[in-house]
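The exercises below ask you to read a structure step by step. Work through each task before you turn to its solution.

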Amino acid sequence: MSVADQGASESAVLRVAMLGGTFDPVHLGHLRSAVELREALALDRVHLIPAHVPPHRTAPGVSGEQRLAMLEAGIGDTPGLVADARELRREGPSYSADTLASLREELGEQARIVMAVGHDAFLKLASWHQPERLFALAHVVVIERPDHRSALPAALANLVGEREVGTSRELFATPCGGLLRLSLPSRMAISATDIRQRLATGRSVRYLLPEAVERHIRTHGLYR
Ligand SMILES: Nc1ncnc2c1ncn2[C@@H]1O[C@H](COP(=O)(O)OP(=O)(O)OP(=O)(O)O)[C@@H](O)[C@H]1O
Ligand SMILES: O=C(O)c1ccc[n+]([C@@H]2O[C@H](COP(=O)([O-])O)[C@@H](O)[C@H]2O)c1
């Protein structure tokens, strides 16, 4: 096979990322990092997937339907971003391994599937449900700030083993099983907790989330 043919067959393989979260509500930090992730890894799609019952935190105050509606409003027509409701349709805790299994089933064995997690979530990965299965189904990409490299806790170092690679090209040589730590420079200092507090105390949330999401919150009287 010529180099040009190799390039063509590589790019024909679907590359998809899952970015899970509570999205209570979705904000510009989430959306900007989804866009940057897509560009950095040349992904076909980034699926933003709201958790139905988040495994490691208290239940969100706003229903799954409302969090999904805000996510859809926030994404609008942004190319390559998808509001994916699959965890909302599943009963019980929203384990990421089950979500990746459903993506794998849908996209087939050859698709390159990435589970994107923030650095803080990554540090706890060894305590997630069926952590080895995550790597059997997908690559893990850790979104880090450039200044934020720290040593891994022992349980995580065991789980990660020799999986880490340095480039997306190496990562996408296989459909799953790799780890890439990706520096995205522009993480915004925005959190959903802060947005909820601002709304509850009547302060402005303008420019922290898309205007369509703010409109949805006002129309439905959320977070008051
Ligand atoms: N400002 C941000 N920039 C980039 N990524 C973010 C930002 N805030 C959260 N994330 C990431 O988005 C994913 C979903 O986050 P989540 O829904 O918990 O939002 P949050 O703002 O951290 O919410 P909360 O304040 O309620 O904990 C996680 O992987 C998290 O690390
Ligand atoms: O599968 C698990 O055991 C698991 C444990 C903790 C978090 N997660 C997922 O990680 C994503 C980010 O979670 P959070 O709490 O940082 O918003 C979200 O999709 C969660 O469902 C998944």
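**Exercise 1.** Which element gives the largest share of the shell around ligand 1, and how many residues come from that element?

*Solution.* Begin with the conventions: this is a predicted model, in which local features need pLDDT of at least 70 and side-chain atom pairs count only at pLDDT 80 or more, while totals for chains, interfaces and linings use all residues. Residues are numbered from 1 along each chain as its sequence is written, and chains are lettered from A and ligands numbered from 1 in the order in which they are written.

Next, list the residues near the ligand, where near means that the C-beta atom, placed from the backbone, lies within 6 Å of it. There are 16 residues around ligand 1, of which Gly-21, Gly-29, Gly-118, Ala-192 and Thr-193 come nearest. Two or more residues are given to this shell by each of helix H2 (28-41), strand S4 (112-118) and helix H9 (192-200); helices (H or I, at least four residues) and strands (E, at least two) are DSSP runs, numbered from the N terminus. The largest share, three residues, comes from H2.

**Exercise 2.** Which residues come nearest to ligand 2, and how do the residues of its shell divide by class?

*Solution.* Of the 15 residues around ligand 2, the nearest are Gly-20, Tyr-95, Ser-96, Trp-128 and His-129. Strand S1 (15-21) and helix H4 (96-107) are the elements that give two or more residues to this shell. For the classes, Ala, Val, Leu, Ile, Met, Phe, Trp, Tyr, Cys and Pro count as nonpolar, Asp, Glu, Lys and Arg as charged, and the others, Gly among them, as polar. The shell around ligand 2 then divides into seven nonpolar, seven polar and one charged, whereas the shell around ligand 1 has six nonpolar, eight polar and two charged residues.

**Exercise 3.** At what angle do helix H3 and helix H10 pack, and how far apart are their axes?

*Solution.* Helix H3 (residues 64-75) and helix H10 (residues 211-220) pack at about 145 degrees, with their axes 8 Å apart. Then look for contacts (C-beta atoms, placed from the backbone, within 7 Å): Gln-66, Ala-69, Met-70, Ala-73 and Gly-74 in H3 meet Ala-212, Val-213, His-216 and His-220 in H10. By class, this contact has five nonpolar, four polar and no charged residues.

Definitions and conventions
Axes fitted to C-alpha atoms, helices over the stretch in contact; angles between N-to-C directions. Contact = placed C-beta atoms within 7 Å.
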